Every structure is written in structure tokens, then in C-alpha cells.
There are 2 protein chains.
Amino acid sequence: MDKIKIDTGAFGFPMPVVLIGANVAGKANFMAVAWVCKVNYKPLIIGASINKRQYTGEGIIENETFSINVPGTYLVELTDHCGLVSGRNTDKSELFDVFYGDLKTAPMVKQCPLCAECKLVDTYSTETNNFFHGEVVSVYSEEKYLSEGALDNSKTDLFVLVMPEMNYIKLGEPIGKAWEIGKKLVKD
Amino acid sequence: MDKIKIDTGAFGFPMPVVLIGANVAGKANFMAVAWVCKVNYKPLIIGASINKRQYTGEGIIENETFSINVPGTYLVELTDHCGLVSGRNTDKSELFDVFYGDLKTAPMVKQCPLCAECKLVDTYSTETNNFFHGEVVSVYSEEKYLSEGALDNSKTDLFVLVMPEMNYIKLGEPIGKAWEIGKKLVKD
């Protein structure tokens with residue numbers, strides 16, 4: 001088992017795929033983002049890295065709000081489409097049924113099983129990217145995605161992005177419970 | 001299709017699961033981390049959010065280096081185990097075959113199909129967490145995980161973490177190419 005060095009650009013892990021929404025100049029716009037993760041637990045803060053060229057970023061800075069919408073596999077083409085065309089040249093406000101929540105300016109996607117509206121609490125900048133820190137203010141789903149009041153991901157049909165193949169991959173079978181299956185290895 | 005508000009803590013998306021390695025007081029230590037994402041493309045910078053109580057974080061601050069190791073499903077129990085026990089009380093240096101690269105102080109896991117050693121370039125702090133920004137210096141894999149010189153994820157057998165079920169989920173089937181399948185929706 002000999003390790004070999006490979007191109008640093010090849011490094012990665014399965015990434016979530018979300019639609020980030022923002023109003024830009026008064027119109028809803030959406031982009032596909034895979035560089036997103038939780039940053040803080042309480043309050044729940046999520047960070048998303050967005051290239052400074054992106055039109056959506058302008059709306060996040062303008063309104064200090066944005067949404068994070070988690071699409072199911074049935075939205076994979078539309079999600080990819082949102083990553084291919086810029087709101088600067090193409091009106092993406094009609095691609096989805098859009099709704100607004102408490103923050104009034106964070107457009108959310110009705111077709112997504114799970115949506116969050118976020119208040120921008122900080123921005124960390126590199127030369128090319130803004131890493132927007134959004135505090136999750138409200139979260140929306142539908143009865144059909146819940147079981148006994150809790151979100152049930154056997155009903156949401158989510159997918160991830162895997163590089164360098166650039167493949168969207170459907171989630172497969174559960175292989176164990178976190179904070180549980182490793183217990184058998186704990187020595188007394 | 002009526003949206004209803006649900007608990008903000010229920011918000012999430014499929015998350016990667018990696019083992020973050022650091023030397024703490026001269027000994028290799030590893031923890032399981034799901035709050036990790038890319039932050040910058042060139043140079044490749046990856047951010048990982050780690051609670052300030054975590055022992056591994058002390059090593060990252062001490063050496064200003066850390067590793068990110070991407071486990072396959074055959075490591076799911078050991079990975080979970082690393083999230084259950086703290087290096088403060090348990091020696092985790094013998095759990096894996098450890099190797100070091102260019103940075104000399106970022107312990108990597110031979111059993112993982114993909115490993116990166118990172119140089120700490122910045123730390124963003126909240127009250128409870130440090131979000132460590134690591135520049136990827138070198139990446140390691142093995143011939144058996146490559147096809148024609150490139151990483152081939154049909155051979156790496158990766159998994160993700162899905163909440164609120166706390167399920168580790170094996171990756172399933174590809175459902176389309178990113179930056180490709182949405183093209184059919186682009187209007188001329």
C-alpha cells in the first residue's frame with residue numbers, strides 16, 4: 001500500500017449541492033453551490049463560499065439575507081442549470097415557485113424539500129471568494145417530508161457532487177448510525 | 001404544497017465525513033469532522049469548523065498544520081469511534097497506519113484512499129468554534145484508486161452523513177454530470 005502524490009486540485013470529498021437564493025436589484029436569483037458547510041451550532045450558522053464575480057453574491061451584500069434550498073434528485077437538471085447561467089444575463093426568477101419568509105428578502109424555492117432563510121452575520125474574503133456566514137432564522141419543509149414531526153430523509157431524495165468526475169450522485173443505503181456504531185470499539 | 005416552519009436545528013444537507021489529523025504534544029490524533037468545505041480554489045483552501053473544546057484543535061494551533069483524510073465505507077466504524085472518544089483521554093495514534101508528508105507534522109491515515117496535508121493559513125473564531133482555513137500543500141492517494149492517472153471515485157467507496165437521522169450513507173448511483181445536464185434547459 002504505497003501512497004503517491006497526486007495533483008492537489010484532485011483533492012475533495014462528497015459535497016452537498018444547494019441552491020442559494022438572493023434578491024438582486026429586486027428580483028429573485030438562484031445559484032448552485034457545493035462549497036457550503038455548518039460553521040456554528042448555536043445559533044446555527046452556515047458558511048457558503050461564492051466567487052466574487054457571481055451575481056447572487058451582489059444580492060447577498062445588498063440585502064444582507066440569503067436562502068439555502070436543498071434540492072431533491074427531481075431538481076437535478078434545474079439545479080445544474082442555475083450553475084450554468086448567470087443572473088446577470090438570464091432571468092432565473094421564473095425557474096421555480098418562489099416564496100418569502102420572515103426576512104422578506106430571501107427568496108426560497110417551493111419545489112425544494114428543505115429551505116432556510118439566513119441573515120448575513122459576517123463575510124470572510126479571500127482574493128477571489130466571499131465566504132458568507134448566514135445565521136439560519138427560519139426553516140421550511142412540508143408534511144410529506146416529515147415522519148412524526150421530524151424531517152425524514154428517506155423522503156427527500158437528496159444528492160451530492162463528487163469530484164473530479166463532476167458527477168451528481170444519488171444517496172444510497174445507510175451503513176450505520178453516527179455517534180453509535182463506533183461504540184463497539186471503545187475500550188472500557 | 002404548503003410549506004411549514006420546522007425547527008431550525010433540523011436544517012441540513014448531506015455532509016462529507018473526514019478524519020482530521022493533527023499532532024498534539026508530539027502524538028498523532030484524529031477526529032471525525034462533517035463541518036468541512038472548500039473555501040478557495042487557487043490556492044485550494046479548505047475550511048473545517050471544530051469546537052474549541054476539541055483536543056485536535058490544540059494540535060492545529062500548536063503546529064499550524066493538519067491533515068484531511070477521506071475514509072471509505074470500510075473505515076466507518078473507526079471513523080465514528082474517532083468522533084466518540086477524545087484524544088485528551090484516549091491515545092488514538094495507534095488506530096491507523098500513520099504517515100507524514102512535506103509538512104512533517106500533519107499525520108495522515110494510510111488506510112484512507114485520499115489524504116491531504118494542509119498548512120493553517122487563517123482561523124475564524126466564533127464563541128464556540130474555530131473555523132480553520134487550511135491550504136492544501138500535498139495530496140496523496142494510491143494507484144488502486146486511480147484510473148488513467150486521475151482519482152476514480154468508483155473505487156474509493158465514500159460515504160456522507162445525513163441529519164437529523166445521524167445516518168452514515170453510502171453513495172449511490174450517478175444521476176448526471178455537473179455543468180452538463182442543465183445545458184438542455186439553456187435557451188439560445
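1. E148(B) sits in the loop that runs between β12 (146-147) and β13 (150-151) of chain B. Its phi is near 50 degrees, a positive value in a residue other than glycine. Please keep in mind that this is a predicted model. E148(B) counts as exposed because it has 5 C-beta neighbours inside 10 Å, and the cut-off for that class is 12 or fewer.

2. E64(B) is another residue to look at: it is not a glycine, yet it has a positive phi of about 55 degrees. You will find E64(B) in the loop between α1 (55-63) and β7 (65-70) of chain B. Is E64(B) buried, exposed or partly exposed? It is partly exposed, since 18 other C-beta atoms lie within 10 Å. As background for both points, most residues other than glycine have a negative phi.

3. Next come the cis peptide bonds. In chain A, one joins M163(A) and P164(A), with omega about 5 degrees; P164(A) belongs to the loop between β14 and β15 of that chain. In chain B, a cis peptide bond joins K42(B) and P43(B), and omega there is about 0 degrees. The loop holding P43(B) lies between β5 (36-40) and β6 (45-51) of chain B. For context, most peptide bonds are trans.

4. Now to the relation between the chains. Chain A superposes on chain B by a rotation of 180 degrees with 0.0 Å of shift along the axis, at an RMSD of 0.0 Å. The two copies are therefore related as by a two-fold rotation axis. Which C-alpha of chain A is nearest the axis? That of G172(A), at 2.0 Å from it. The same surface serves both copies, as 99% of the contact residues of chain A recur in chain B.

5. The contact itself draws 82 residues from chain A and 81 residues from chain B. On the side of chain A that touches chain B, strand β15 (residues 167-177) gives the most, with eleven residues. Sorted by class, that side of chain A has 49 nonpolar, 17 polar and 16 charged residues.

6. What does β15(A) do across the contact, and in which sense does it pair? It pairs with strand β15 (residues 167-177) of chain B in the antiparallel sense, over seven bridges.

7. Finally, consider N153(A), in the loop between β13 (150-151) and β14 (159-162) of chain A. N153(A) is buried because 24 other C-beta atoms lie within 10 Å, where 20 or more is the cut-off. Which residues does N153(A) contact, leaving aside its neighbours within four places in sequence? They are L158(A), V162(B) and E165(B). The C-alpha atoms of N153(A) and L171(A) are separated by 10.0 Å, with the two residues 18 apart along the chain.

Technical notes. Residues numbered from 1 in each chain as written. Chains lettered and ligands numbered in written order. Predicted model: local features only at pLDDT ≥ 70, side-chain atom pairs only at ≥ 80, totals over all residues. Least-squares fit on C-alpha atoms with pLDDT ≥ 70 in both. Contact = placed C-beta atoms within 7 Å. Helix = DSSP H or I, 4+ residues; strand = E, 2+ residues; numbered from the N terminus. Nonpolar A, V, L, I, M, F, W, Y, C, P; charged D, E, K, R; others polar. Pairing = 2+ DSSP bridges.
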